[in-house]
Amino acid sequence: PGQKVVYFVMDLNKRGKDIRKFITKIENCIIDVLSEYNIRSYADKENIGIWVNDNDKIVKVAAIGIKVKKWIAYHGFALNVCNDLSRFKKIIPCGIIDKNVTNLNKLGISNYKNIEKIIVKSFLNTFP
């Protein structure tokens with residue numbers, strides 16, 4: 001609850017057999033969604049996901065997880081919107097021990113009722 005999770009199945013045979021380029025497109029899609037809320041975010045080559053600077057701390061706001069089999073990509077990403085962040089204290093998100101997570105709510109965004117439309121628009125612009 002409180003996350004927007006985007007699952008997809010995409011044929012990379014038709015979109016170019018380049019997994020790094022594919023992940024970069026997913027990262028850019030999420031960054032575009034966050035920019036609609038005036039949130040400056042970025043991808044980190046060392047740590048998968050999308051990151052923001054929150055009070056001088058680098059925190060993850062979105063996770064990416066895909067599986068590729070026979071050049072078909074499965075799964076997707078999760079954007080933290082208003083989820084209970086205390087649950088992340090019981091796990092090590094994405095195996096990254098020295099960074100925390102955040103959500104849109106904690107970043108001061110309380111009006112996200114159209115986020116599904118923004119995600120779909122960005123996704124369709126990224127993967128026409």
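The following questions and answers concern a predicted model of a protein chain.

Visitor: What pattern of helices and strands does the protein chain follow along the sequence?
Guide: The secondary structure comes to 3 helices and 6 strands.

Visitor: How compact is the protein chain by its radius of gyration?
Guide: The C-alpha atoms fill a box of roughly 40 × 30 × 25 Å along the principal axes. For 128 residues the globule rule gives 14 Å, and the chain is close to that value, so it is as compact as a globular protein of that length. The radius of gyration of the chain is 14 Å.

Visitor: What percentage of the contacts between residues at least 6 apart in sequence join residues at least 24 apart?
Guide: A contact here requires heavy atoms within 4.5 Å. Among the contacts between residues at least 6 apart in sequence, the share that joins residues at least 24 apart is 61%.

Visitor: Which residues lie nearest the centre of the largest pocket?
Guide: The largest pocket holds about 310 Å³ of space, and 17 residues line it. Strand 4 (57-69) and strand 6 (100-101) are the elements that give two or more residues to this lining. By residue class, the lining divides into 9 nonpolar, 3 polar and 5 charged. Nearest the centre lie V59, L85, K89, N100 and V101.

Visitor: Is T102 buried or exposed?
Guide: T102 is found in the loop between strand 6 and helix 3 (115-126). Beyond its neighbours within four places in sequence, T102 is in contact with V52, D54, V59, K60, V61, N80, L85 and L107. The cut-off for burial is under 20% relative accessible area. T102 has 1% relative accessibility, and therefore counts as buried.

Visitor: Why does V5 count as partly exposed?
Guide: V5 has its place in strand 1 (residues 3-11). The partly exposed class lies between the buried limit of 20% and the exposed limit of 50%. V5 falls in that class because its relative accessibility is 43%.

Visitor: What distance separates the C-alpha atoms of V5 and N80?
Guide: Leaving aside neighbours within four places in sequence, V5 is in contact with F77 and A78. V5 and N80 are 75 residues apart along the chain, and their C-alpha atoms are separated by 8.7 Å.

Visitor: What percentage of the accessible surface belongs to carbon and sulfur atoms?
Guide: Of the 128 residues, 41% count as buried. The accessible surface of the chain comes to about 8,000 Å², and the part belonging to carbon and sulfur atoms is 50%.

How values were computed. Residues are numbered from 1 along each chain as its sequence is written. This is a predicted model: local features need pLDDT of at least 70, side-chain atom pairs count only at pLDDT 80 or more; totals for chains, interfaces and linings use all residues. Side-chain values use heavy atoms; hydrogens and water are left out. On a 1 Å grid over the protein atoms alone, a cavity is a set of points where a 1.4 Å probe fits but cannot get out, and a pocket is an open set with protein on both sides within 12 Å along at least five of seven lines; lining residues have an atom within 4 Å of a point. Grid points are joined across faces, edges and corners, and a volume is the space filled by probe spheres set on the points. Helices (H or I, at least four residues) and strands (E, at least two) are DSSP runs, numbered from the N terminus. Ala, Val, Leu, Ile, Met, Phe, Trp, Tyr, Cys and Pro count as nonpolar, Asp, Glu, Lys and Arg as charged, and the others, Gly among them, as polar. The radius of gyration is taken over C-alpha atoms; the globule rule is 2.2 Å times the number of residues to the power 0.38. Buried means under 20% relative accessible area, exposed over 50%, partly exposed in between (1.4 Å probe, protein chains only). Accessible areas come from the Shrake-Rupley method with a 1.4 Å probe; for residues, only the protein chains shown count as cover.
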